[in-house]
Structures are given as C-alpha cells and as structure tokens.
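Please examine the following structure with its sequence at hand.

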Amino acid sequence: MIKNVFNNTKPPKTGERFTQLLKHKNILIKKIVSSNKPNPKIYKQDHDEWVLLLRGNAQLRVKKKIYNLQPGDYIFIKTGQEHEVIKTRYGTVWLAVHLKKETQ
C-alpha cells in the first residue's frame, strides 16, 4: 500500500503531533508536524536518532550548539545527547528515524 508523508499535515495549535509511519525490528520512523509554539522539553534518549526537515524551518539545540534547519537539512543525534526544539514555523514537517538497540 502506498502512503504519502504529506497527508494529514495540519499543524496542532501548540506543540507537535507525532505519527508512527513504520516500526520494524530496531527502527522506528515518525512524522512530526509542528506548530509555531514547540513544547519546552529537553530530550535525552537511550538510542540514536536521525532527523530530516521536510518542510518549514526550525531551530534545534543539540548539547549547547544551535542549528537552524531548512527543508532538506538533516542531523544525527547520538544516544544520550540532550536536544530540544527551540523554534518552528507553523506547519513544519519532520521525519525522525529512531535507531533502537537491537534486542537479543
């Protein structure tokens, strides 16, 4: 079945909406749609994450460095690195690939 990542991209009034697109073995892929009022949350995950900005723009802090992301920009966030979304444009769409540790 073919699906389109840009379906259902109406932004929430505040924060972000996370939609799981694929879960397979140790990989989890989510679509994120952002409002222009991101949640003030610091993430520190127990797995690696690769994030691609598809539409809009965003400002992301990883550790103490600020990154300004435009469509097509991507970033790799290693396990345990503190990160947070500082700013987003209303309607920003991301793709997040979570690389979980494989279970034996």
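A salt bridge is a side-chain nitrogen of Lys or Arg within 4 Å of a carboxyl oxygen of Asp or Glu. The structure considered here is a predicted model, and a search of the whole of it finds one salt bridge. The partners are Glu-84 and Arg-61, whose closest N and O atoms lie 2.9 Å apart. Side chains of opposite charge can pair when their charged atoms come close. Glu-84 belongs to strand E7 (residues 83–88) and Arg-61 to strand E4, so that the pair, with its members 23 residues apart, links distant parts of the chain. Glu-84 and Arg-61 are both buried.

In soluble globular proteins, nonpolar side chains tend to be buried together. In this model, the largest nonpolar core has 12 residues in all, among them Ile-32, Val-51, Leu-60, Ile-75, Val-85 and Trp-94. Two or more residues each are given to this core by strands E3 (48–55), E4 (58–62), E6 (74–77) and E8 (92–99). Strand E4 provides the largest share, namely three residues.

The remaining topic is a hairpin. Strand E1 (residues 16–24) pairs with strand E2 (residues 27–34) in the antiparallel sense, over eight bridges. Within this pairing, Leu-28 in E2 stands opposite Lys-23. Two residues lie between the strands of the hairpin, where Lys-25 adopts a positive phi near 50°.

Note on methods: Residues are numbered from 1 along each chain as its sequence is written. This is a predicted model: local features need pLDDT of at least 70, side-chain atom pairs count only at pLDDT 80 or more; totals for chains, interfaces and linings use all residues. Side-chain values use heavy atoms; hydrogens and water are left out. Two strands pair if DSSP finds at least two bridges between them. Helices (H or I, at least four residues) and strands (E, at least two) are DSSP runs, numbered from the N terminus. A nonpolar core is a set of buried Ala, Val, Leu, Ile, Met, Phe, Trp, Tyr and Cys residues joined through side-chain atoms within 4.5 Å. Buried means under 20% relative accessible area, exposed over 50%, partly exposed in between (1.4 Å probe, protein chains only).
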